Amino acid sequence: RANAPVVLCEGEKAADAAAELLPTYVAPCWPNGSNSWHKADLTPLKGRDVLLWPDNDDSGKACMDTVAEKLREIGAASVRVIALEVFKRKPTVKNDRAAFAKGGKWDDGDDAADALGKGWTAGHFAELESSGELFGVIEEKPVIAQVEPKPEPEPEPKPTAAAKRPA
């Protein structure tokens, strides 16, 4: 599925769950969690639309910020992140459609596998994706252009007084 968008998770269990929750995406991962992302070859994601799903903890979020930067460097077509705030809702079903209620529980360290275990379905993710609520914002680090300093202009020579001629 070379043209499918990619959802990238921190581990195998989370990637399997993400593949079920986002069936139009392919869901690769790297092994051993957030501390091992640098061992993964991300170059096959060049030109791909990538959605990052961090674990709900500081190391997961920091890891995905770094991965986002690396994906931009290698030329991913787009890089977005799951808005973890959406999990503060409780997934429900109303009139045979995915719906949401207040009171969702999203614990420290939770990931895609936990979402599946808490009743989230592909239908819930489709609703959030179509409304735009699924995607958060990744702070991009500003690119500082290397500007070579312009050489100072040579000062114009001061006019000198004409030499006096002897009479």
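Among contacts in the chain between residues at least 6 apart in sequence, what percentage join residues at least 24 apart? The share is 65%, where contact means heavy atoms within 4.5 Å. This is a predicted model, in which local features need pLDDT of at least 70 and side-chain atom pairs count only at pLDDT 80 or more, while totals for chains, interfaces and linings use all residues. Residues are numbered from 1 along each chain as its sequence is written, and side-chain values use heavy atoms, with hydrogens and water left out.

**The chain as a whole**
- The secondary structure comprises four helices and six strands, taken as DSSP runs (H or I of at least four residues for helices, E of at least two for strands) and numbered from the N terminus.
- Along the sequence these elements follow the pattern β-α-β-α-β-β-β-α-α-β.
- Of the 167 residues in the chain, 36% are buried, a term that stands for under 20% relative accessible area, with exposed meaning over 50% and partly exposed lying in between (1.4 Å probe, protein chains only).

**His-124**
- His-124 lies in helix H4, which covers residues 122-131, and it counts as buried because its relative accessibility is 1%.
- Leaving aside neighbours within four places in sequence, His-124 is in contact with several residues, including Pro-91, Thr-92 and Phe-100.
- Ala-99 is also among those contacts, and its backbone oxygen lies 3.3 Å from a polar atom of the His-124 side chain.

**Glu-73**
- Glu-73 belongs to helix H2, residues 58-74, and is exposed because its relative accessible area is 57%.
- Thr-43 is 30 residues away from Glu-73 along the chain, and their C-alpha atoms are separated by 9.8 Å.

Definitions and conventions
Polar contact = N/O pair within 3.5 Å; in protein donor to acceptor, adjacent residues only side chain to side chain.
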